[in-house]
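Here are my notes on the structure, as numbered points. Keep the view open beside the text and check each point as you read.

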Amino acid sequence: MSQATTTRTLTFSQAIREALREEMERDDRVFVWGEDVAVYGGIYGATAGLLEQFGPGRVIDTPISETMIVGAAVGAAITGLRPVAELQSSGYFGIAMDELYHKAARWRYMHGGVFTVPLVIRLPEGAKGAGPEHDVSPEALFLSASGAYVVIPSDPADALGLMKSAIRDDNPVLFFEHAGLYAYRGEVPAGDHLVPLGEAAVKREGSDVTVIAWSRMVGESLRAAEQLEAEGIDVEVVDPRGLRPLDLDTILESVAKTGRVVIAHEAPKTGGAGGEVAAIIAEEALEFLESPIIRVASADVPIPQSRYLQQFLIPTAASVTEAIRRLD
Amino acid sequence: MTAISPATLLELYESMVTMKLWDQTALRLLQEGRVLAGYHSGRGQEAIPAGGVAPLRRDDYLMYAHRGFGYTIAKGMSLAAMFGDLMANTAGATGGLGAGIPHFADPELGILGQGGTLGSCFGIATGAAFSAKYRGTDQVVVCFFGDGTANRGAFHESVNAAAAWKLPVVWICENNGYAVSVPVAESTAGRIVDRAAGYGMPGVRIDGMDVTEVYRATCEAVDRARAGEGPTLIEAMCHRFRGHYEGDPQVYRTDEETERLLALDPITNLAARLVADGIATEERLGELEVRVQDTIDRAVEVASSAPMPGPERLYEGLYV
Ligand SMILES: Cc1ncc(C[n+]2csc(CCOP(=O)(O)OP(=O)(O)O)c2C)c(N)n1
């Protein structure tokens, strides 16, 4: 732990790559596959350099076959390997949905627990101007995929630490990475930096209102909190760092302290995971609420390709600020 | 073509008899209301699981289909565990989750399980074969599927990747002419075996009612896979004697058609051959049948004595 006092600066994308590299060095059962992950290094650069270090046996370009990419990762996982498979966009979830939802998540349970399915599926998500099928944030679709973990980092340090934990975990992990975060730089602890799965991070402490946010909306919420500080509003930002396991203790503790809740995510409001989180708070902590819960999310429309129109749709720090001002 | 030894022929015969008597027993349990799941009889198609699994080693991998329980019987799965799964009690391999469309597995025997969505087998087979190659073992994967299942898109994605990467898989398509009610000619363009050429791998169409043909073709394909020469597609032409599921009114075919099939029974035909070739007497085959039935009855007894699971079973084994 002595090393943990030093840090290094990495982009989100480099942090993912460092996690892959460190885990591939540590465990030769770990391999990476997906479209353009080898020679090209991944379209977001998250696998750059791995081919040179580990060779074509462990860094594998697949055909454009999302069903196979996930299905075969399950086959490899139940026979002793630890695949990290990349879908080039989480928007392709539908092509691999049976494999994600039923095979990865349920193969262990439905066969009586005789297997473990230790795999990670990397799922780039979020608005980036690539159109309605690519720019989705579909994490809430997997709320009902019991058996699979849903992990979502919001900064480079968590990207690295969560990815390393995800690779070491014996449960299947769906790992969502916001494409708009890949170039974002941050301090990452040196050494073997592990972030436990299912542990929320209080990214900012505050006493007046709890903002529960994940992925890109964590940074937006922190900016909103800074603005509101000047107005004397003390905002706490809680990042669950994923949806399953969900760290209810940290969320409910914060709600009990502040009594006010804003939930912020980029996915459209209807069917977004904010609804589930709000329902849990209503069930478990209604007596602490001094104001109705507000959800900050995209409107219920497909995300247009035009970045110009996206600015009116995708929530930002201003959306969070506006929501907090509306609280009683 | 190498001759199959008398000992192997007898083993294949016993394997098929076990499947047939298992099927009869399962149907009886079903009638008695002791089976908590649907059942897709494999009667008539025994030559394919028998001949297709016999060439495998214990550590080779099996992806099986829903047509009877023959594949796992041949791979050595506990009979009591399979009956337990039919009865959805704690003797089952799934510990009471139930498995009419079998969802049991035994990693020790290389039995990798089965999905309820047809075509699940393809990706997992490719992945297991990749895994064998990655780990530097010479394990082989055999993947069984019906003609109907061959029309899933997952077939293309997985068969293509396995062929491109020269993975050790043997794809065995059981073409019984129907997917539930739909005849293969109405649903399928071209011959399934001809797809092999498109993927640059060997493909053979064989008589799937003849266990010796299935055994020989699979031995060749397994040898090729084990030697690192990549996958093979075997299309085994066959007939299912009963409905798609028990209670299927079979409006899509005539009684005459199903009656005519009985003459093609792979088990009685092999028995006649064994007797004609002097490999066994009718008496010996009769004794074999009694012995197998006895084993099955004992397995049913073991399975029957197990308790049903409690509600806590629902929450076990989901996460590690
Ligand atoms: C993806 C999917 N579609 C449909 C079904 C329903 N279904 C179960 S068995 C079956 C027919 C399968 O036919 P085939 O593959 O030829 O095998 P057979 O039953 O003839 O042995 C169908 C349509 C299913 N289980 N999964």
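1. Which residues come nearest to the ligand? This is a predicted model, so bear that in mind throughout. The ligand has 15 residues around it, and B:Leu118, B:Gly146, B:Gly148, B:Thr149 and B:Ala179 come nearest. The shell around the ligand divides into four nonpolar, nine polar and two charged residues.

2. Next, look at where the chains meet. On chain B, 38 residues are in contact with 35 residues of chain A. Two elements of chain B give two or more residues to this side: helix H5 (120-134) and helix H6 (153-164). The largest share comes from H5(B), with 11 residues. By type, the side of chain B that touches chain A holds 19 nonpolar, 15 polar and four charged residues.

3. Now the sheet of chain B. Five strands form an open sheet in the order S1-S2-S3-S7-S6 (chain B). The pairing is parallel. Which strands stand at the edges? They are strand S1 (61-63) and strand S6 (203-207) of chain B. Each has a single partner strand, so one side of each is left without a neighbour in the sheet. On average, neighbouring strands of this sheet are turned by 20° against each other, direction ignored.

4. Strand S3 (residues 169-175) of chain B runs parallel to strand S7 (residues 232-237) of chain B, and six bridges join them.

5. Turn to the helices of chain B. Two packed helices are described by the angle between their axes and the distance between the axes. Helix H1 (residues 6-31) of chain B packs against helix H12 (residues 282-304) of chain B at an angle of about 50°. Their axes are 10 Å apart. H1(B) and H12(B) are therefore oblique to each other. The crossing in which H1(B) passes H12(B) is right-handed.

6. Which residues make that contact? From H1(B) come B:Glu14, B:Val17, B:Thr18, B:Leu21, B:Trp22 and B:Thr25. They meet B:Leu288, B:Glu289, B:Val292, B:Gln293, B:Ile296 and B:Val300 in H12(B). The residues of this contact divide into seven nonpolar, three polar and two charged.

7. H12(B) also packs with helix H4 (residues 79-86) of chain B. Here the axes come within 8 Å and cross at roughly 50°. H4(B) and H12(B) are therefore oblique to each other. H4(B) passes H12(B) in a right-handed crossing. H4(B) contributes B:Leu79, B:Ala80, B:Phe83 and B:Gly84 to the contact. H12(B) contributes B:Thr295, B:Ile296, B:Ala299, B:Val300, B:Val302 and B:Ala303. Eight of the contact residues are nonpolar, two are polar and none is charged. Look again at B:Ile296 and B:Val300: they meet H1(B), and they also belong to the contact with H4(B).

8. Chain A has an open sheet of seven strands. The order is S3-S2-S4-S5-S7-S6-S12 (chain A), and the pairing is mixed. Strand S3 (59-61) and strand S12 (242-244) of chain A are the edge strands, and each pairs on one side only. Neighbouring strands of this sheet are turned by 20° against each other on average, direction ignored.

9. Within it, strand S6 (residues 149-151) of chain A pairs with strand S7 (residues 173-178) of chain A in the parallel sense, over three bridges. A:Tyr149 stands opposite A:Val173 in S7(A). Helix H5 (residues 156-168) of chain A lies across strand S2 (30-34), strand S4 (82-86), strand S5 (120-125), S6 and S7 of chain A. H5(A) runs at about 160° to S7(A).

10. Last, how do helix H1 (residues 12-26) of chain A and H5(A) pack? The angle is about 30°, and the axes are 8 Å apart. That makes H1(A) roughly parallel to H5(A). Their crossing is right-handed. Among the residues that meet are A:Phe12 and A:Ala15 in H1(A), with A:Pro156 and A:Ala159 in H5(A). The contact divides into 10 nonpolar, no polar and four charged residues.

Terms used
Residues numbered from 1 in each chain as written. Chains lettered and ligands numbered in written order. Predicted model: local features only at pLDDT ≥ 70, side-chain atom pairs only at ≥ 80, totals over all residues. Axes fitted to C-alpha atoms, helices over the stretch in contact; angles between N-to-C directions. Helix = DSSP H or I, 4+ residues; strand = E, 2+ residues; numbered from the N terminus. Parallel < 35°, antiparallel > 145°, perpendicular 65-115°, else oblique. Left-handed = near helix turned anticlockwise from the far one by under 90°. Contact = placed C-beta atoms within 7 Å. Nonpolar A, V, L, I, M, F, W, Y, C, P; charged D, E, K, R; others polar. Pairing = 2+ DSSP bridges. Near = placed C-beta within 6 Å.
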